[in-house]
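Visitor: I would like to learn how to read a protein model. Please take me through it one feature at a time.

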Amino acid sequence: IPQTGSYPVYFIIEQVLAGLVKMFGDQPSPSFSYVHLFPPHAPYSPLRQHYGMFWNDNYFPPSKPKHKLSDGQDERKVYIGRLSYDEYLATVDFEFGRFIDAMDAAGVLVNSYLIVTSDHGELLERGDKGHDTPLLYDPVIHSPLLISAPGQRTRKDVYAPVNSVD
């Protein structure tokens, strides 16, 4: 069970998302909800089924020189950190997929917009493992923005730049 840094808060993501499905199902319409989930922040705690899933995929990110303002981590530690992060992302993706399926089954998505974004990415390169860094490379500053509208059945990619305020 992950603990959120130095805060005495423990959670099981599956239980958190199941609670959200119930909460959203009980909301009167119309309503607005904002939810900030801690995963996939460290500590990375993937489900057992995701352990090691990327160890033999033969993907090796391009080697990038350490930046003088980085944490100074050696490339191997950064690579292992990336593998752990990717395993945890696979867990979060799996649980989020179950969450979306449960929201759909509960009828919540029939008349709801679902907007998914994040506050930052993780660097995991140039001698840095994480996001608490003075380095502003793409992996840290580019984050997803996905919007699903009621009744939407086809994907539409929009390439216009936006920011978190938008």
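**Reading the model**

Guide: H120 sits in the loop between β1 (114-117) and α3 (138-141). Helices (H or I, at least four residues) and strands (E, at least two) are DSSP runs, numbered from the N terminus. This is a predicted model, in which local features need pLDDT of at least 70, side-chain atom pairs count only at pLDDT 80 or more, and totals for chains, interfaces and linings use all residues. Residues are numbered from 1 along each chain as its sequence is written, and side-chain values use heavy atoms, with hydrogens and water left out.

Visitor: Is H120 buried or exposed?

Guide: Buried means under 20% relative accessible area, exposed over 50%, and partly exposed in between (1.4 Å probe, protein chains only). H120 counts as buried because its relative accessible area is 18%.

Visitor: Which residues does H120 touch, not counting residues up to four places away in sequence?

Guide: Contact means heavy atoms within 4.5 Å. With residues up to four places away in sequence left out, H120 touches H41, H131, V140 and S143. The side chains of H120 and H131 are also joined by a polar contact of 3.4 Å. A polar contact is a pair of N or O atoms within 3.5 Å; within protein, one must be able to donate a hydrogen and the other to accept it, and residues adjacent in sequence count only if both atoms are side-chain atoms.

Visitor: What should I look for in the backbone angles?

Guide: Most residues other than glycine have a negative phi, and most peptide bonds are trans. L124 is not a glycine, yet has a positive phi of about 50 degrees. R126, not a glycine either, has a positive phi of about 55 degrees. L124 is in the loop between β1 and α3, and R126 is in the loop between β1 and α3 as well. L124 is buried because its relative accessibility is 5%; R126 is buried because its value is 18%.

Visitor: Which residues does a cis peptide bond with omega of about 15 degrees join?

Guide: That cis bond joins P39 and P40. A cis peptide bond also joins A42 and P43, with omega of about 5 degrees.

Visitor: What else is found in the loop between α1 (13-26) and α2 (75-105)?

Guide: S33 is found there. S33 counts as partly exposed because its relative accessibility is 32%. Not counting residues up to four places away in sequence, S33 touches F24 and Q27. The C-alpha atoms of S33 and G72 are separated by 40 Å, and these residues are 39 apart along the chain.

Visitor: Which residues make up the largest nonpolar core?

Guide: In soluble globular proteins, nonpolar side chains tend to be buried together. A nonpolar core is a set of buried Ala, Val, Leu, Ile, Met, Phe, Trp, Tyr and Cys residues joined through side-chain atoms within 4.5 Å. Here the largest nonpolar core has 12 residues: F11, I13, L17, L20, V21, F24, Y88, V92, F99, M103, V108 and L109. α1 and α2 are the elements that give two or more residues to this core, and α1 gives the most, with five residues.

Visitor: Which residues is M103 in contact with, leaving aside its neighbours within four places in sequence?

Guide: M103 is in contact with V21, F24, V108 and L109, once those neighbours are left aside.
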